[in-house]
Amino acid sequence: MSPWLTVVGIGEDGFKGLGRNARHALLRASRIIGGQRQLDLLPVCIRGERALWPSPFSLEPVLAQRGEAICVLASGDPMFYGVGASLARHVPADELLILPAPSSVSLAAARLGWPLQDVVTLSVVARPLAALNAHLSSGVRLLVLSNDGQSPAAIAALLRASGFGPSRLSVFEHLGGTDERRVDGVAQDWQDLPVAALNLVAIDCVADANTPRLSRLAGLPDSAFQHDGQLTKRDVRAMTLARLAPIPGELLWDVGAGSGSIGIEWMRTHPSCRAMAIEADDGRQRLIEHNRDALGVPGLQLIRGSAPQALAGLEAPDAIFIGGGVTRDGVLDTCWHHLRPGGRLVANAVTLQSEMTLMAWREQHGGELTRIHIAQAQPLGNFDTWRQALPITLLEVIKPL
């Protein structure tokens, strides 16, 4: 069937800023659905019945009208963090016509003279502000869709707390409209000024002189994590993650997560990587919560409990890391059972008992064993010597398809 649903992106300049196709779609529509602000931009010549989105939000008022001439109004580009992307998951492409307007991100980049392909675009609309931490690095430019008028001050506070106080901020209100306004400043001096609810924050990231540089590659310094000693150390962590081989969109179980370092670094490799940290100790659960926010992956899901019981009912993972508890009855077998075909299981052992468990399990299921020896130069009187860390035995197994 021909498109019955048209999603019209509308800017702050309203109906007069729309192209011919968008105007004709609105004139033909029997029903127009949108937010109050978008509906108020329409002139009286638009005769279609006007309806607000329900609260709580639902696509049902649109999907229930399949076959009628329906228009949905959205701010700017409906496919950029907009309702167009949600509708496209439910409506076949040949039944849907999307007519975008310039997004606020495009308008802000034009005002700033920033090449859009070189900018990181993010949204904190109903999303944790802590996710910004994963993208902070000197020289990086961010365009952030704000949740409300308090977002700019909250972003400035986060930048100060994360060691990026010298970063330059530009707040844009009502981009593309007659009430457009720009406010410039520096995060460390930012005042909690009145800001319109509809705003965007541009950040030119500049770190304090003493702020550590944190790579997106595996192997962050141990000092990047708060921990109680239960931490997969930096070099072993890098080797472990190399074998876990994170791929965009995949899910990791971090079993016996300790301070959460493996799951956190897994998620930092790509925005679509997901992780569940399974941890029974209350103190370590609090460390995981701190570390995931500080390192910019607040979406890491904390599962409070002990394996294997805590694994029941969880979404099947693409990869599993077992950092603690391999000697506990049923942990290895339960993890192997839930792992998706083609998935990777990696387990580390420090004690003789856990090493023997991995060796016996390998006899049944195959895989590769690797012994890791790491030594660091440390003072010995007026000289230096090698101090050997405890050796690690690493098991890597790929589940057959």
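In the protein chain, 65% of the contacts with a separation of 6 or more join residues 24 or more positions apart. The model is predicted. Its protein chain holds eleven helices and 19 strands. The C-alpha trace spans about 80 × 55 × 35 Å along its principal axes. Of the 401 residues in the chain, 45% are buried.

The largest nonpolar core comprises 27 residues. Within this core, L244, L252, W266 and L300 touch the most other members. Two or more residues each come from α7 (234-244), α8 (261-268), β12 (274-279), β14 (319-322) and β19 (392-398). Helix α8 supplies the largest share, four residues. L244 belongs to the core. Leaving aside residues up to four places away in sequence, L244 touches L252, I262, W266, A319, I320, F321, R344 and V346. Another core, of 25 residues, lies apart from the largest one. Its members include A310, I322, L339 and A347.

Helix α8 is mostly covered, with eight of its eight residues buried. These are S261, I262, G263, I264, E265, W266, M267 and R268. The buried residues of α8 pack against both helices and strands. The helices are α7 and α9 (282-294). The strands are β11 (251-255), β12, β14 and β15 (344-349).

The packing of α7 on α8 was examined in more detail. The axes of the two helices come within 11 Å and cross at roughly 55°. The angle makes α7 oblique to α8. The crossing of α7 past α8 is right-handed. On the α7 side, the contact is made by R237, T240, L241 and L244. On the α8 side, S261, I262, E265 and W266 take part. By class, the contact has four nonpolar, two polar and two charged residues. An α-helix has 3.6 residues a turn, so residues three or four places apart point the same way. L244 and W266 of this contact are also among the residues that touch the most other members of the largest core. L244 touches both I262 and W266, and these two residues lie on the α8 side of the contact.

Helix α10 passes α11 in a right-handed crossing. Helix α10 contributes L332, D333 and W336 to the contact. Helix α11 contributes T357, L358, W361 and H365. The residues of this contact divide into four nonpolar, two polar and one charged.

A buried loop residue was also examined. N133 is found in the loop between β6 (120-123) and β7 (141-145). Its relative accessibility is 13%, so N133 counts as buried, the cut-off being under 20%. Not counting residues up to four places away in sequence, N133 touches L158, S162, D293, A294, L295 and G296.

Conventions. Residues are numbered from 1 along each chain as its sequence is written. This is a predicted model: local features need pLDDT of at least 70, side-chain atom pairs count only at pLDDT 80 or more; totals for chains, interfaces and linings use all residues. Side-chain values use heavy atoms; hydrogens and water are left out. Buried means under 20% relative accessible area, exposed over 50%, partly exposed in between (1.4 Å probe, protein chains only). Contact means heavy atoms within 4.5 Å. A crossing is left-handed if the near helix is turned anticlockwise from the far one by less than a right angle, and right-handed if clockwise. Ala, Val, Leu, Ile, Met, Phe, Trp, Tyr, Cys and Pro count as nonpolar, Asp, Glu, Lys and Arg as charged, and the others, Gly among them, as polar. A nonpolar core is a set of buried Ala, Val, Leu, Ile, Met, Phe, Trp, Tyr and Cys residues joined through side-chain atoms within 4.5 Å. Axes are lines fitted to C-alpha atoms, for helices over the stretch in contact, and angles run from 0 to 180 degrees between N-to-C directions. Angles under 35 degrees count as roughly parallel, over 145 as roughly antiparallel, 65 to 115 as roughly perpendicular and the rest as oblique.
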